[in-house]
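My entries follow in the order I made them.

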Amino acid sequence: MRRVLFFLLMLLPVSAFAQVGALEAVTVQTGPDGGETYSLSFQILVIMTLLTLLPAAILMMSAFTRIIIVLSILRTALGTAATPSNQVLIGIALFLTLFVMTPVLEEMNEVALQPYLEEQIGPEQALRAAAAPLRGFMLAQTREDDIGLFMNIADVAPVATPEEVPLRVLIPAFVTSELKTAFQIGFIIFLPFLVIDLVVASTLMSMGMLMLSPMIISLPFKIMLFVLVDGWSLIMGTLASSFFG
């Protein structure tokens, strides 16, 4: 009896795989107009694959890169090693990114997602329509020098209009421009805190208190200055307005 049960259990995975193999995962139907429509299972597979690339898309094709770099430089300038924590900074950056990207997301929903859900356009047309608002956002934030640099590296022929720039050139150019802009904003933020550190260090040196760390004394003054000037509102407002200017 035990041998029979064991034999049946061994056959269960084989029969299950046989049933799965019998399913047609990808089917292509040709429409009356000559277009091709893929099966629902294949469309779900493509969507699930794209979802795995979503974190990289959020990082590289949105406002997240600039915001998180500026917030990290701000924390370093304040001298608070772990306050705010990484989780708090990422949360702030994500919600501020959502605030900045809302007009783009609304346009993508209007021109691509809703027509696709209503079966007015196919998945390929939906992807092209969704890429247009995102391309416009990236072009508005990208320097022409950076686009020219990557076009020369990729050996791409000159284009007549910015809308003709390939995405494989636009995305790295956009990331490079975002890094430059983030470090420029971070440099401006760092200067007043650096002045406080220099004043405190020179004062302690003149008093002969060489064994006392200047960071311990300057930290309360930097926090007080940041609070008095309403620093968080200034930082958030500057970051948000830098994308709409």
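I began with valine 159, which touches Met151, Glu164 and Val165 once residues up to four places away in sequence are left out. The model is predicted, and I read it as such throughout. I placed valine 159 in the loop between helix H7, residues 144-154, and H8. Its relative accessible area is 29%, so I noted valine 159 as partly exposed.

**Loop between H3 and H4**

Next I went to serine 62. This residue sits in the loop that runs from helix H3 (54-60) to helix H4 (64-78). Is serine 62 buried or exposed? I looked up a relative accessibility of 6%, and because buried means under 20%, serine 62 counts as buried. I then listed what serine 62 touches, not counting residues up to four places away in sequence: Ala57, Thr97, Met101, Phe137, Phe174 and Glu178. Glu178 came up again when I turned to the charged pairs.

**Salt bridges**

How many salt bridges are there? I get 3 salt bridges, with a side-chain nitrogen of Lys or Arg within 4 Å of a carboxyl oxygen of Asp or Glu as the rule.

I took glutamate 178 with arginine 66 to start; the closest N and O atoms of this salt bridge are 2.6 Å apart. Glutamate 178 belongs to helix H8 and arginine 66 to helix H4, so the pair ties together parts that are 112 residues apart in sequence. Both glutamate 178 and arginine 66 are buried.

I then checked aspartate 146 and lysine 180, which form a salt bridge with their closest N and O atoms 2.8 Å apart. Here aspartate 146 is in helix H7 and lysine 180 in helix H8, so parts 34 residues apart in sequence are tied together by the pair.

The remaining entry is lysine 222 with aspartate 197, a salt bridge whose closest N and O atoms are 3.3 Å apart. With lysine 222 in helix H9 and aspartate 197 in helix H8, 25 residues apart, the pair links distant parts of the chain. I found both lysine 222 and aspartate 197 buried.

**H8 against H9**

Helix H8 covers residues 167-206 and helix H9 residues 214-228; they pack at an angle of about 140°, and their axes are 9 Å apart. Why did I write oblique for H8 and H9? Angles over 145 degrees count as roughly antiparallel and those from 65 to 115 as roughly perpendicular; the angle is about 140°, and H8 and H9 are therefore oblique to each other. I recorded the crossing of H8 and H9 as right-handed.

Which residues meet? From H8 I listed Phe193, Ile196, Asp197, Val200, Ala201 and Leu204. On the H9 side they meet Pro214, Met215, Ile217, Ser218, Phe221, Lys222, Leu225 and Phe226. Sorted by class, this contact of H8 with H9 has 11 nonpolar, 1 polar and 2 charged residues.

My last stop was aspartate 230, in the loop between H9 and helix H10 (231-244). Its phi is near 55°, which I marked as a positive value in a residue other than glycine.

Note on methods
Residues are numbered from 1 along each chain as its sequence is written. This is a predicted model: local features need pLDDT of at least 70, side-chain atom pairs count only at pLDDT 80 or more; totals for chains, interfaces and linings use all residues. Side-chain values use heavy atoms; hydrogens and water are left out. Helices (H or I, at least four residues) and strands (E, at least two) are DSSP runs, numbered from the N terminus. Buried means under 20% relative accessible area, exposed over 50%, partly exposed in between (1.4 Å probe, protein chains only). Contact means heavy atoms within 4.5 Å. Axes are lines fitted to C-alpha atoms, for helices over the stretch in contact, and angles run from 0 to 180 degrees between N-to-C directions. Angles under 35 degrees count as roughly parallel, over 145 as roughly antiparallel, 65 to 115 as roughly perpendicular and the rest as oblique. A crossing is left-handed if the near helix is turned anticlockwise from the far one by less than a right angle, and right-handed if clockwise. Ala, Val, Leu, Ile, Met, Phe, Trp, Tyr, Cys and Pro count as nonpolar, Asp, Glu, Lys and Arg as charged, and the others, Gly among them, as polar.
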